[in-house]
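Reader: I have just opened this model and would like to be walked through it. Could we begin with charged pairs and then move to the fold?

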Amino acid sequence: IDVRNIYEISIGKFKNSINPFTKSFREFPKKFSSLNIKKNQKIAMYCTGGIRCEKASLYLKSSGYKNVFQLEGGILNYLSTKKNKTNKNWIGECFVFDERVSVNKYLKKGDYFQCYGCRRPIGKKDLNSKFYKKGVHCPQCFYERTQEQMKRSNMRQSQINKIIQNLSL
């Protein structure tokens, strides 16, 4: 079971993993219960670095699940140990919470960028979309964000652009 959020799973995952379709980790208990997993079934979980797995594991154990396992150190640790070996279990890139946005299976900066309107990863094709405006929205959030949110993001991006312009003078 992948305990990351939908947008993280959308760019990379393990083969045959179960996606509970959470928008935030707070939704995990409810989404997990809809998977109809029996209390005595083996459950293997993974996440980016191991923190959400710890929380999910504690929750499941306190809810009576007996065979709960997690990928120690998460995806990043797994990729680190498999860096120079054939790796057919991991598909795509791994979302990370820093300026790299994503890393590939060799832990090098990946091909994704970040929408600063919604914080989701976006690909190169998204940057060319009519629904992309730097710092404001992307094709994924264009119809989700309110006019007020876009107005604030537009103002923030204008201020950033002015600072960059002044730095280059």
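Reader: How many salt bridges does a search of the whole structure find?
Author: The search finds 6 salt bridges. A salt bridge here is a side-chain nitrogen of Lys or Arg within 4 Å of a carboxyl oxygen of Asp or Glu. Please note that this is a predicted model, in which local features need pLDDT of at least 70 and side-chain atom pairs count only at pLDDT 80 or more, while totals for chains, interfaces and linings use all residues. Residues are numbered from 1 along each chain as its sequence is written, and side-chain values use heavy atoms, with hydrogens and water left out.

Reader: Which residue forms a salt bridge with Asp98?
Author: The partner of Asp98 is Arg100, and the closest N and O atoms are 2.7 Å apart.

Reader: What does Glu144 meet in a salt bridge?
Author: The side chain of Glu144 meets that of Arg120, at 2.8 Å from N to O. Glu144 lies in the loop between helix H5 (124-127) and helix H6 (147-167), and Arg120 in the loop between strand S7 (113-114) and strand S8 (121-122), so the pair ties together parts that are 24 residues apart in sequence. Arg120 counts as buried, at 19% relative accessibility. Helices (H or I, at least four residues) and strands (E, at least two) are DSSP runs, numbered from the N terminus.

Reader: And what about Lys125, where is that found?
Author: Lys125 is in helix H5. The side chains of Lys125 and Asp126 meet in a salt bridge of 3.9 Å, N to O. Lys125 is exposed, with a relative accessible area of 68%, whereas Asp126 is buried, at 12%.

Reader: How far apart are Lys125 and Pro139 in space?
Author: Their C-alpha atoms are 9.9 Å apart, and the two residues are 14 apart in sequence.

Reader: Changing topic: how many helices and strands are in the chain?
Author: The chain has 6 helices and 8 strands. Along the sequence they follow the pattern α-β-α-β-α-β-α-β-β-β-β-β-α-α. The C-alpha trace spans about 60 × 40 × 25 Å along its principal axes, and 36% of the 169 residues count as buried.

Reader: How do S2 and S3 run, parallel or antiparallel?
Author: Strand S2 (residues 42-45) and strand S3 (residues 67-70) run parallel, joined by 4 bridges. Two strands pair if DSSP finds at least two bridges between them. Met45 stands opposite Gln70 in S3. The chain crosses from S2 through helix H3 (residues 51-62) to S3, and this β-α-β crossover is right-handed. That term means that, with the strands pointing away from the viewer, the path from the first strand over the helix to the second runs clockwise.

Reader: Which residues of S2 are on the covered face?
Author: Ile43 and Met45 form the covered face of S2, and Lys42 and Ala44 the uncovered one. In a regular strand the side chains alternate between the two faces of the sheet. The bridge partner of Ile43 in S3 is Val68.

Reader: Which residues in H3 are buried?
Author: They are Arg52, Cys53, Ala56, Ser57 and Leu60. Seen down the axis of H3, the buried residues fall within an arc of 130° (taken from the directions from the helix axis to the C-beta atoms), so they line one face of the helix. On the other side of H3, Ile51, Leu58 and Ser62 are exposed.

Reader: What covers the buried residues of H3?
Author: The cover includes helix H1 (6-9), helix H2 (28-33), S2 and S3. Contact here means heavy atoms within 4.5 Å.

Reader: What follows H3?
Author: Gly64 follows H3, and the phi of Gly64 is positive, near 100°.

Reader: Lastly, where is the place of Thr48?
Author: Thr48 is in the loop between S2 and H3, and counts as buried at 8% relative accessibility. Not counting residues up to four places away in sequence, Thr48 touches several residues, including Arg4, Glu8, Gly73, Cys94 and Phe97.

Methods:
Buried < 20%, exposed > 50% of the residue type's maximum accessible area, 1.4 Å probe, protein only.
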